[in-house]
Structures are given as structure tokens and as C-alpha cells.
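Here is a short briefing on one protein chain. Look over the sequence and the model before reading on.

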Amino acid sequence: MKRTAVAASAVVLLLPLTACGGAAEAGGGSTVTVTVGYQSKTINTVTAGTLLRSLGYFEKQLNSLGDGVTYKVVWEDYATGAPITAQMTAGKIDIGSMGDFPLLINAARGKQLGRPTHLVSVTGYNLRGGLNTIVTAPDSKLTSLKDLRGKKVSTSVGSAADGTLVRALQRAGIDPDKGIEKLNQQPAVGASALAAGSADALSQFVAWPGLLAHQGKAKALYDGAQLNLPTFHGVTAREDFAKERPAVLEAFLKAQAQATDYLNDHPVTAAEKVAEATGLPAEVVYLYNGAHGIATFDPALKPRLVSALKQDVSILKSAKLTGDVDVDSFVDDQYVKKALGTTYAERLAATLPAAASEVWPKGSARTRTFTSPADLLSYVASHRDTVRAAYVPDATTGTLWFADKAVWVADGEKLLPFVAPATAQTYVDGHGGASVVTYAEALERAS
């Protein structure tokens, strides 16, 4: 914790003197407590949470304001976005980060309770939807979404992962309300249910699917990128706080941009920092947040993401979690535009890096990039004892996945990886002579 931050427990004692975003006289000056709600293990939000906190950029930005105010930052960690919204509408959290579906609930609850909030920036996103994945137990016989009919599926209702589940089932011709038995569970509870056999599948957001796959506790059934619909996480702020303390919000957004640049410039080091703070394996963090990871980090409120948010409203309405949400009035880019100045337009226009295969050698602070999955396999085959992790992009969706957890297809001399068995089988069915092979066989063919 940086010197300007205080423990959440200490804030309880300070609340009568320093309410969130408020000031109190303190020795002739004033003290302002800013409370930030974040999700440490939802690593798609690290530039506004875990990584930002560890770097201390927000505190440094506040100290540089030079307004004679002493700032105290309180970081409150939650597993999902729902409790952050509850605290924001109670006036106890000033700034929060959460996924796209929770953001819409945040907008609806804020308006309903007279505590309006606004989406002020984006943390990480995937333009195809690859941040959410449906997984099954390692020994499961389920191979496609159609196999979920009548099965027990765990998810967190109202989350982005729930939205992926609903849309995926609909495309598979399964009624998401009646065709499965949906278990509304927190991610950790759902992971335990999957391990215990009380859930047949689990639909969750970053980083749970990758974590469980890495641990050998799950395998992918459905890659959310098959939906080809953007999914993202963002930063929301209370309207009254933003109007009262615009300089503080702008300081946060400047700090977020700094953390974003740090992550993009030092992806391995950033992954190690997040791993240290969360207890997650660094290999899992890198899967999502690495140089070619599933998530792309940029605070700009891209029109394509806002458009996707509007499409999400119907899913939440059908689940009776919200009514209509005026997305246009919820999105407020004035603060991030001011914070980033001329670089904002550059960020809006930035293109995504091309998908690539990567190897993270043991003991190295850098990864090695390969032009094809086959080249990566060839390297791994001759360096088996020195590879910390190997990553390959799905041949259809581009979603990065662990090479040893991917479904591999041999098509002549080509070796193609897929996140899920159904997409691999679809490729095989459309390419005569292609066949699914094991990872060991793929390594042998490439060596």
C-alpha cells in the first residue's frame, strides 16, 4: 500500500470526518478520501485496479495536483461488480470497475436510486468476446453446447459470462431459461461445484476459465469469441462525485492511462506484478494480459464497444435484471478526453496487434514470438525443460490459449490449434484429410 492509501478498516473510523469524495478540515488544510472499488482477480480491470494500485500512479497523480488537499485512497476489493454497484449507489464508493453487463446494471440502479453513475473509460476488451469461456470438467464427455441441454450450468447471473452463456445457448437452439438448470453462483463457488460434479459446466469471465484450465481442473467447451460480439470492462464513476471532484476523476484516468502504457510496454513484468498481488499464476495473467493476450487494454471509449453495450440491454431485460437503459446518457467521455488530451484520438484510431504464438521461457523477463503455431511447437519440442508457458491463437477466433490445453488439428503439414473441441471438429468436417491429434502428437509432428 502506498503512503497516501489507508486500509479499508481505518476508513470506517474516518467516515464521520471524511465521507467518500468529501473533505474535512485537518490542521488548517483539508483531507479528501477517495474510495475505489475494484476486482483484483478480474484481471481485465487491472489498469484501474490491481496493477494501478501496485504502481501507485493514482496516489502520485493526486499528490501532484498542488491544490493544498491531502488525499487518502481506499481500495476495496470485490469478486464481482454487483457489490461495487451496491456501494456506489449507497454513496460509499466513488469510482468502480466492472464488466459490460454489470455496468448496465450499475447504470440502471444508479438512476433508479437517484445516484446516477457514468461510464468514463474502458479497461480491457476483446472485440470478438473471447474474455468469457464455458468450461467443463477435464473428464467430461460433453463436446459441444448442444450437449448442455438439461445439464446444470454454473454462472454469475447478470455478469458478462452469463450474457455469453445466454447468447451461446440461443444460437445452439437451447432456451437459456428452460433448456438448462442454471446455477447462480460466485466464480469460486462455481469452480468448486464443477470440481465436485454438482455442475456440469461453468460459464465465467476472465481469469477463471484460464486458471482452471491451467490447473488441469477444467477444459474449454465454448470460446466466447465464437459469438463475434465485443465484450469489455470499464470504469464507472458517481455523477455527483465527478461533478464535485472533476480534477480527482481526471487524475484517476491519467493514472489509468499510465498503467495501461506500463502494461503494454512491460507485459511480462506487469503479469508478474498482478500475480504477486492476486495469488494468480503469472502464466494465467499473461494469457489474458500479455502482448498478444485475449484482452486489449485501452481507456478510450470506442464506438464499437458502446454499440455492443446497447446490444447487451436486451439480454438483461429478458432476464428481468433491468428495464431500458439509456446507454448514450450513461456513457460520458468528457473526463477521459480531458485527461488524455491529444492522445485520445490516437488511442481511438489504434489498431489491434496481430495474433501470434508466444513462448515464455523459464527465468526470462521476455517472451519469444513465432510466426505460426507449428514453429512454436517445433521450439517447444526441442526446449521442453526450459518452457514456462506456451500460447497459441485459435485458428478460427484468434483467442489465445495454452498450447498444451488446445485442441490440435493436423491438416497436411499444417498444425492448427483451437480453444474448443466443437470448433476443431467443424474445421475437420470441412477439410478432407484433416484430423484431431493430441498435443503430444502435434509436438512429434513439429519436431
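Lys and Arg count as positive and Asp and Glu as negative, while His and the chain ends are not counted. The place of a charge is taken as NZ of Lys, CZ of Arg, CG of Asp or CD of Glu. On that basis the protein chain has 43 positive and 42 negative side chains, and the centres of the two sets lie 2 Å apart.

This is a predicted model, where local features need pLDDT of at least 70, side-chain atom pairs count only at pLDDT 80 or more, and totals for chains, interfaces and linings use all residues. Residues are numbered from 1 along each chain as its sequence is written, and side-chain values use heavy atoms, with hydrogens and water left out.

**Whole chain**
- Along its principal axes, the C-alpha trace spans about 80 × 50 × 40 Å.
- Buried residues (under 20% relative accessible area, 1.4 Å probe, protein chains only) make up 58% of the 447 residues.

**Strand E17**
- Strands are DSSP runs of E with at least two residues, numbered from the N terminus.

**Partners of E17**
- Two strands pair if DSSP finds at least two bridges between them.
- E18 (residues 414-418) runs antiparallel to E17, joined by 5 bridges.
- Valine 407 stands opposite phenylalanine 418 in E18.
- The E17–E18 hairpin has 2 residues between its strands, and glycine 412 in the turn has a positive phi of about 65 degrees.
- E19 (residues 435-437) is also antiparallel to E17, with 3 bridges.
- Tryptophan 408 faces valine 437 in E19.

Key
Buried < 20%, exposed > 50% of the residue type's maximum accessible area, 1.4 Å probe, protein only. Helix = DSSP H or I, 4+ residues; strand = E, 2+ residues; numbered from the N terminus.
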